Structures are given as C-alpha cells and as structure tokens.
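Dear colleague,

I am handing over the structure below, and I would be glad if you could look through it alongside the notes that follow.

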Amino acid sequence: MTATPLSRVMGILGQRLVQALVVALLVAGLCFLMVQSLPGDIAFRIAAGRYGYDYVTAEAANAVRSELGLAGSALARFGDWLWALLQGDLGSSLVTGAPVATDVGHHLGATLTLASASVVLALVLALVVALPLGSLSALRPGEWCDRLTLGLGLSGVLSRVVRESVLTVVQSGYYRFALTKGLSPARVFWRHGLRNTGVSIIAYTSVQLVLLIEGVVVVESLFAWPGIGHALVHAIFWRDIPMVQGTVLVLAVLFVLLNTLTDLLCLAIDPRGPKEF
C-alpha cells in the first residue's frame with residue numbers, strides 16, 4: 001500500500017527523533033570521557049578559570065575539588081548530569097556557575113549572527129553562480145561554459161554537481177519524450193528538468209552548509225568572536241565539563257535538525273513522491 005504524505009513525514013520525524021536521542025547520548029558520553037582523559041589536574045584548571053593562573057593555589061584547587069565533588073566517582077558525576085539532562089537541565093558551568101543553557105543560548109545567538117552574515121551569503125552566492133552555470137554546461141556539453149570547473153571554489157564544485165544531475169535528466173527517456181511532444185526546450189527544462197535534479201542538489205548543498213558552519217567555529221576561535229565555537233574551546237581548556245557537554249550537544253542536535261529539514265525538502269520536491277505533499 002502506498003504511503004500517504006503525512007505518514008512519510010511522520011516516519012522521517014520519528015527516525016530523526018531516535019537519531020537525535022542516540023547522538024545526544026553518544027556525544028555526551030564521548031565528551032565526558034575526552035575531558036576526563038585530558039592531562040593535568042581538573043580542579044586546578046577549573047580554579048584557574050575562576051580566579052586566573054596568577055591567583056591559583058593548592059588550597060584553592062582543593063576547595064574546588066571539594067565543592068564539586070571531583071574526588072568522587074567520575075561515573076557518578078556523569079550519571080547525575082545525565083539524569084538532570086533527562087529533566088531538561090543542562091547543569092551549571094563549573095567556572096562561572098551560570099546555567100549552561102543560558103550561556104549556550106547567548107553564544108549560539110552570536111554564532112547565528114555570524115553565520116547569517118557569512119555562511120548564508122557564501123552559500124547563496126555559490127548557488128547563484130552554480131545553478132545557471134551547471135545547467136548551461138549540461139545543456140551545452142563540451143562548449144566553453146562546460147570548462148569553468150574550478151573557477152570559484154565552492155561554486156565550481158557545486159556547478160559540476162548541478163551539471164551531472166541536469167545531464168542525467170536531459171539524457172533520460174522521459175525528458176526526450178517531452179521534447180518529441182513539441183514542447184520548447186526551455187519549457188521542458190523548467191517543467192521536467194529542475195525538479196528532477198533538485199533532490200541531489202539539495203542533498204549536496206546541505207553537506208556543504210554543514211562544512212561552512214564548521215568553518216564558522218574555526219573563525220570564532222581565531223578572531224575571538226563570542227560564539228558557540230569560541231565558548232567550546234574555552235570550556236575544554238578550563239575543563240568545564242557541563243559547558244563542553246551542553247555546547248556539543250546543541251551543535252549535534254542542530255546538525256540532526258538540518259538533516260531533518262533536508263529530508264523533508266527532498267520529499268517535497270521529489271517527483272516520485274505523492275502529489276499531495
């Protein structure tokens with residue numbers, strides 16, 4: 001029996017929800033193990049984050065160790081954090097004492113501001129160049145427009161993806177049949193070409209968007225932009241375990257959300273999908 005549009009959407013959402021839960025548990029566990037395995041005294045690092053290296057003493061480090069229960073079982077601390085997470089609480093920063101959710105929300109806002117000004121613009125410019133160039137090179141293979149392959153970085157790569165997708169469509173039987181019915185080449189391309197190539201283009205573009213977002217994290221660290229990547233680097237340096245786990249958890253969920261939106265968009269434009277969607 002053919003699946004209805006609603007059932008297909010609910011199936012995608014259900015799969016992504018399970019994926020988000022699995023990713024959250026794996027990310028939280030791996031981040032905890034990573035920070036615990038870093039060299040150095042974790043209590044000393046946290047105290048240095050609170051007071052500065054020039055003011056850290058053995059007594060201050062021992063006080064932090066006692067306050068946070070760092071001398072106890074690491075597994076018990078992870079269990080406490082996980083139980084709080086199940087109740088919607090990301091915990092508090094070991095350095096500032098502020099709620100992790102508040103800090104992450106503040107830094108995420110700065111990251112989104114930077115991303116909207118750079119990542120989105122870069123992606124839009126790449127698409128503006130790649131879509132017409134890739135389509136034209138597929139419709140006119142071997143001509144000059146088919147040899148600008150690496151001209152503009154991402155646009156060059158993306159134009160080749162568009163080119164191969166469009167070329168596959170225009171060489172198909174149903175596309176040639178549409179031409180034999182007397183429709184103009186432009187009308188056949190707009191009605192039968194673009195939608196059939198959209199799925200692969202959207203999937204590739206979503207991967208590039210993830211890579212660009214990762215680049216934003218690097219830029220934040222290099223230029224001290226108060227975004228979520230900058231906060232993550234400092235949290236690792238100061239051994240602020242709840243902040244590390246909360247930050248990486250939010251990034252992982254954002255990537256799952258991006259994948260979900262990509263799946264839904266591909267389902268919406270896929271000509272093989274239900275017409276009612």
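Leaving aside neighbours within four places in sequence, which residues is Val-244 in contact with? In this predicted model, the residues that Val-244 touches under that condition are Cys-31, Met-34, Val-35, Leu-232, Ala-235 and Ile-236. Val-244 and Ile-46 are the residues with the most contacts inside the largest nonpolar core, which has 35 residues. At least two residues of this core are supplied by each of α1 (5-37), α2 (42-51), α4, α5 (100-139), α9 (228-237) and α10 (241-269), and the largest share, 8 residues, comes from α10. Another core, of 11 residues, lies apart from it and has Tyr-175, Leu-183, Phe-189 and Ile-201 among its members.

Turning to the aromatic rings, the count comes to 3 pairs. The pair of Phe-78 and Trp-81 is stacked, because the ring centres are 6.3 Å apart and the planes stand at 25 degrees, where stacked requires planes under 30 degrees apart. Both residues lie in helix α4 (residues 74-86), 3 residues apart, or about one turn of the helix; Phe-78 is buried, with a relative accessible area of 17%, and Trp-81 likewise counts as buried, at 8%. Together with Phe-32, Phe-78 and Trp-81 form one aromatic cluster.

For Phe-237 and Trp-238, the ring centres are 4.9 Å apart and the planes are at 80 degrees, so this pair is edge-to-face. Phe-237 counts as partly exposed, at 39% relative accessibility, and the charged end of Arg-45 sits over the ring of Phe-237, 4.9 Å from its centre.

With best regards

Notes:
Residues numbered from 1 in each chain as written. Predicted model: local features only at pLDDT ≥ 70, side-chain atom pairs only at ≥ 80, totals over all residues. Heavy atoms only, no water. Phe/Tyr/Trp six-rings, centres within 6.5 Å; stacked < 30°, edge-to-face > 60°. Helix = DSSP H or I, 4+ residues; strand = E, 2+ residues; numbered from the N terminus. Buried < 20%, exposed > 50% of the residue type's maximum accessible area, 1.4 Å probe, protein only. Lys NZ or Arg CZ within 6 Å of the ring centre and 35° of its normal. Core = buried A, V, L, I, M, F, W, Y, C linked by side-chain atoms within 4.5 Å. Contact = heavy atoms within 4.5 Å.
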